[in-house]
Amino acid sequence: MLKVGLTGGIGSGKTTVARVFEILGIPVFYADGASKRLYDEDEELQRSIKQHFGEELYSGGVFNREKMASIVFTDPPKLELLNSLVHPRTIADANNWMNRQQAPYVIKEAALIFESGSGADLDYIIGVSAPRHYRIQRVMERDGVNRDAFLQRAARQIDEEIKMKLCDFIVLNNEQQLVIPQVLELHHKLLRRSAELTSTSPVHH
Ligand code: ATP
C-alpha cells in the first residue's frame with residue numbers, strides 16, 4: 001500500500017482536494033484534526049505538555065486550548081517547543097492509522113509535512129497550489145478573520161513556492177484549471193503505481 005502526503009499553503013485547498021479523494025474511496029488522515037484529538041487522548045503527549053507547560057494546562061482533566069493558544073501566540077520559541085512535542089505524536093498516530101488501512105493507497109493531509117519532517121514516511125507527496133491572493137481571500141471568508149491573521153499563520157510555514165518544488169505531483173487550485181479532473185488523473189496514476197508495487201513485491205510463503 002502506498003502512503004501519499006497531501007500538503008500546501010494555508011487555504012490552498014488541501015481539505016477540499018482531500019474530500020475528492022475520499023469520495024473516490026481513498027482513506028484520508030487529517031493531521032490537523034488528529035492533533036486536536038491527541039491533546040486529550042494521548043497520555044504521552046499530556047505528560048510532556050504538563051512537564052513543559054505546567055499542570056494547569058489540564059486543570060479539570062481537560063486540555064485548555066485557549067490557555068495554550070495565549071501562551072504560544074506571542075512566544076515563537078514556546079510554539080516551537082509545543083510543535084516538537086505534538087508533531088512526533090501526530091506522525092506516530094498517522095503511521096498507526098495508515099498501517100491499519102486496506103486500500104491501494106492512503107492519503108495523509110497535513111499542512112506541515114516538510115516542516116515536521118514527516119515526509120520521510122511517505123512514498124509520494126501531492127502539493128495543492130493556489131495563488132496567494134486567492135488563499136488570503138478564501139481563508140478570510142472561511143474563518144471570518146482579517147488579512148493579519150492569515151499572514152501570522154503563513155509566517156510559520158515555509159513558502160508555498162518552495163513547498164511545491166519539493167512535491168512529486170501538483171494540483172492547481174487557481175480557479176482556471178478544474179480540480180476534479182486533476183484528482184482523477186492522479187488517482188489513476190497512484191492506482192497504477194500501487195498495482196506495479198504489488199506485482200513486483202516478493203511473495204512470502
Ligand atoms: P488550511 O490550510 O486553513 O487548512 P486548506 O488548504 O485545507 O486550508 P480548504 O479549507 O480546502 O483549504 O479551502 C479554503 C477555503 O477555500 C474553503 O472555504 C474552501 O471551500 C474554499 N475553496 C477551496 N478551493 C476553492 C475553489 N477552487 N474555488 C472556490 N473556493 C475554494
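This is a predicted model: local features need pLDDT of at least 70, side-chain atom pairs count only at pLDDT 80 or more; totals for chains, interfaces and linings use all residues.
Local features need pLDDT of at least 70 and side-chain atom pairs pLDDT 80 or more, whereas totals for chains, interfaces and linings use all residues. Residues are numbered from 1 along each chain as its sequence is written, and side-chain values use heavy atoms, with hydrogens and water left out.

Helices are DSSP runs (H or I, at least four residues), numbered from the N terminus. Buried residues of α5 include Leu79, Leu82, Ile91, Asp93 and Trp97 (buried, under 20% relative accessible area; exposed, over 50%; partly exposed, in between; 1.4 Å probe, protein chains only).

The structure holds twelve salt bridges, each defined as a side-chain nitrogen of Lys or Arg within 4 Å of a carboxyl oxygen of Asp or Glu. Within helix α2 (residues 31–41), Asp32 and Lys36 are separated by about one helical turn, being four residues apart. Their closest N and O atoms are 3.3 Å apart, and Lys36 is partly exposed at 41%.

Arg65 and Asp40 also form a salt bridge, at 4.0 Å from N to O. Because Arg65 lies in helix α4 (residues 65–73) and Asp40 in α2, this pair ties together parts 25 residues apart in sequence.

A further salt bridge joins Arg89 and Asp42 at 2.9 Å, N to O. This pair links helix α5 to the loop between α2 and α3, 47 residues apart. Arg89 is partly exposed at 23%, whereas Asp42 is buried at 9%. Arg37, Glu41 and Asp93 are linked in a salt-bridge network.

Definitions and conventions: Helices (H or I, at least four residues) and strands (E, at least two) are DSSP runs, numbered from the N terminus.
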